[in-house]
Amino acid sequence: MQRSLGVLSIFLALLGATGPTACARELIAAEVHPQGHIIVKSEELLASRLDELTLGALKITIKHSGQLGNENQYWDKVRGGSLDIARVNLGVLVNDVPAAKLLSLPYLFRTRDHMWRVLAGDFGKRVAAEVEKTGAVVLAYYDSGTRSFYTTKKPLRVRADFEGQRIRIQNSPVYKDLITLLGGTPVVIGYDKVIDAFKNGEIDGAENNLPSYVSSEHHKYARYYVFDEHSSVPEVLLMSKKAWDTLSADQKKAVMQASEESSTHMKRLWAEAEAQALAKAKKEGAVVIDKGDLGMAGIEAYALKLYSKYAADPRDLETVLTILQSK
Ligand code: GTR
């Protein structure tokens with residue numbers, strides 16, 4: 001009797017050690033940024049917290065550096081249910097999620113905090129509901145700071161400087177119209193191909209936040225970074241509805257908690273990531289021009305013409321006005 005209890009306890013201990021891992025579920029997450037980028041670091045935190053919270057039952061494998069393709073492909077796969085998780089820029093959703101189009105309008109937010117407050121309110125709920133209709137679930141938003149223009153030959157200081165400039169953009173009608181209104185030529189290129197487009201002279205410029213400007217090494221080709229801060233479109237962490245629906249209620253809670261913790265962690269680190277990127281860019285030869293030294297009134301006057309097109313629907317106009325007036 002004594003002996004068989006001993007065997008039983010050893011057996012149970014072994015089960016305890018291997019049990020949860022043996023039936024662990026692997027969730028695949030797609031990411032374009034390389035290891036070391038602040039977003040990937042935050043996703044690593046997400047993975048380890050989820051592992052802890054579910055005692056090893058849910059594990060996230062991050063396929064970083066574009067191993068699974070580009071963001072438009074991730075978005076299609078997540079909606080279609082063939083990819084569990086993807087982190088993309090919310091701007092990638094513009095063709096399917098009307099709220100994302102409004103959020104991409106230039107000069108909509110005054111500060112990052114303004115954007116975070118809008119996302120935490122009714123507008124954030126609208127984004128989540130529209131995303132869910134397409135077959136995905138919003139887990140969290142990540143900071144993406146503000147996007148500004150950068151170019152190879154001369155800085156875009158005033159509106160007239162845009163003339164003749166070929167500017168790389170994400171595949172977004174809002175950005176296409178923005179560059180055209182400013183007098184440039186929009187060129188849609190996947191993020192992973194922008195560096196080649198700079199090398200072979202296919203484009204004269206692009207736009208992005210500082211951490212991406214530097215981690216993608218665009219700063220080595222496009223030295224002139226002008227702080228016009230035309231947009232603040234956050235990153236969004238998505239899960240396919242198909243994968244989500246297979247989770248238990250406790251697992252869903254754990255996924256949401258881990259996502260939120262990772263997003264909060266990233267918000268705290270963002271300012272430092274921007275400062276580090278700025279210092280590295282300058283050290284490696286970038287010329288950074290502050291907003292006060294740009295002809296912002298002229299640039300904004302052209303850019304804001306977009307509002308009458310994208311907020312033509314009275315309800316959208318009301319939403320945009322509410323955002324612009326909100327504190
Ligand atoms: C980055 C963003 C990426 C991608 C990229 C781009 O800031 O983190 O997800 O959208 O911009 O310009 O394509």
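This is a predicted model: local features need pLDDT of at least 70, side-chain atom pairs count only at pLDDT 80 or more; totals for chains, interfaces and linings use all residues.
View 1. The contact draws 29 residues from domain 1 and 28 residues from domain 2.

**View 2. Helices contribute to the side of domain 1 that touches domain 2.** At least two residues each come from α3 (71-80), α4 (98-103), α5 (112-120) and α11 (249-283). α5 gives the largest share, 3 residues. By class, this side of domain 1 holds 16 nonpolar, 9 polar and 4 charged residues.

View 3. Around the ligand sit V32, E71, V88, N89, S144, Q170, Y191, N208, N209, S212 and E235. The shell divides into 6 polar, 3 nonpolar and 2 charged residues.

**View 4. Helix α11 has a span that agrees with its residue count.** α11 has 35 residues, so at 1.5 Å a residue it should span 51 Å. Its end C-alpha atoms are 50 Å apart, which agrees.

**View 5. A kink marks α11 at L269.** The kink is about 40° and is centred on L269. Buried residues of α11 include A254, V255, A258, S259, S262, S263 and M266. A273, A277 and A281 are also buried. After α11 comes G285, with a positive phi near 105°.

Terms used: Residues are numbered from 1 along each chain as its sequence is written. Two residues are in contact if their C-beta atoms, placed from the backbone, lie within 7 Å. Helices (H or I, at least four residues) and strands (E, at least two) are DSSP runs, numbered from the N terminus. Ala, Val, Leu, Ile, Met, Phe, Trp, Tyr, Cys and Pro count as nonpolar, Asp, Glu, Lys and Arg as charged, and the others, Gly among them, as polar. A residue is near a molecule or strand if its C-beta atom, placed from the backbone, lies within 6 Å of it. The expected span of a helix is 1.5 Å times one less than its number of residues. The bend at a residue is the angle between axes fitted to the seven residues ending there and the seven starting there. A residue is buried if 20 or more other C-beta atoms lie within 10 Å of its own, exposed if 12 or fewer, and partly exposed in between; C-beta atoms are placed from the backbone.
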